[in-house]
Amino acid sequence: MDNLFVVCDSTREAQSFRRQLEGVFKTVSLPVNRLQDAGPPGPYTLIGTNLGDLAQISDIRDWLRQKPKGAKVVFITKRTSRLETLQAYAIGATDLVHRPFDGKTLLQKFYGDFAALAGPA
């Protein structure tokens, strides 16, 4: 089972992600203020934090510089915010999701569209 690093401001939100992805990912929740002590990110990371906080952005960007080649980093952004979209990609996002979303959406972002990969039935 793959590890999914979840960086978010809310423990409630982190628990929700854990429940939705149970059995697919082992989630590792990390608060932004402890990223420097956490070691490098793994191949799968989900980030849902305040992109208006410049100190957090700097910490996240520094931490993501250690990610392995080919790692997937999905940011949660507001659908209507172009600024958050730009910031997320500038920090290191490989993809985005918007609230509300479900575990299936995240799986598609991390693993791709299985139905399309399988071809016609």
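This is a predicted model: local features need pLDDT of at least 70, side-chain atom pairs count only at pLDDT 80 or more; totals for chains, interfaces and linings use all residues.
Entry 1: I started with the strand order. Five strands make an open sheet, running β2-β1-β3-β4-β5, with parallel pairing. At the edges I found β2 (25-30) and β5, each of which pairs on one side only. From one strand to the next, the twist averages 25°.

**Entry 2: β1 and β3.** Next I looked up how these two strands meet. Strand β1 (residues 2-8) pairs with strand β3 (residues 44-48) in the parallel sense, over four bridges. For Val-6, I noted Leu-46 as the bridge partner in β3.

**Entry 3: a helix on the sheet.** Helix α1 (residues 11-20) packs on the sheet, where I see it touching β1, β2, β3 and β4. The direction of α1 makes about 155° with that of β1.

**Entry 4: helix α3.** Which residues of helix α3 are buried? In this helix (residues 82-91), I listed Glu-84, Gln-87, Ala-88 and Ile-91. They lie on the same side of α3, because they cover an arc of only 100° around the axis. That sent me back to a handy rule: an α-helix has 3.6 residues a turn, so residues three or four places apart point the same way. Turning to the other side of α3, I found Arg-82, Leu-86 and Ala-90 exposed.

**Entry 5: what covers α3.** I then asked what covers the buried residues of α3. The cover includes α2 (54-64), β4 (72-77) and β5 (95-98).

Methods. Residues are numbered from 1 along each chain as its sequence is written. Side-chain values use heavy atoms; hydrogens and water are left out. Buried means under 20% relative accessible area, exposed over 50%, partly exposed in between (1.4 Å probe, protein chains only). The arc is that of the directions from the helix axis to the C-beta atoms. Contact means heavy atoms within 4.5 Å. Two strands pair if DSSP finds at least two bridges between them. Axes are lines fitted to C-alpha atoms, for helices over the stretch in contact, and angles run from 0 to 180 degrees between N-to-C directions.
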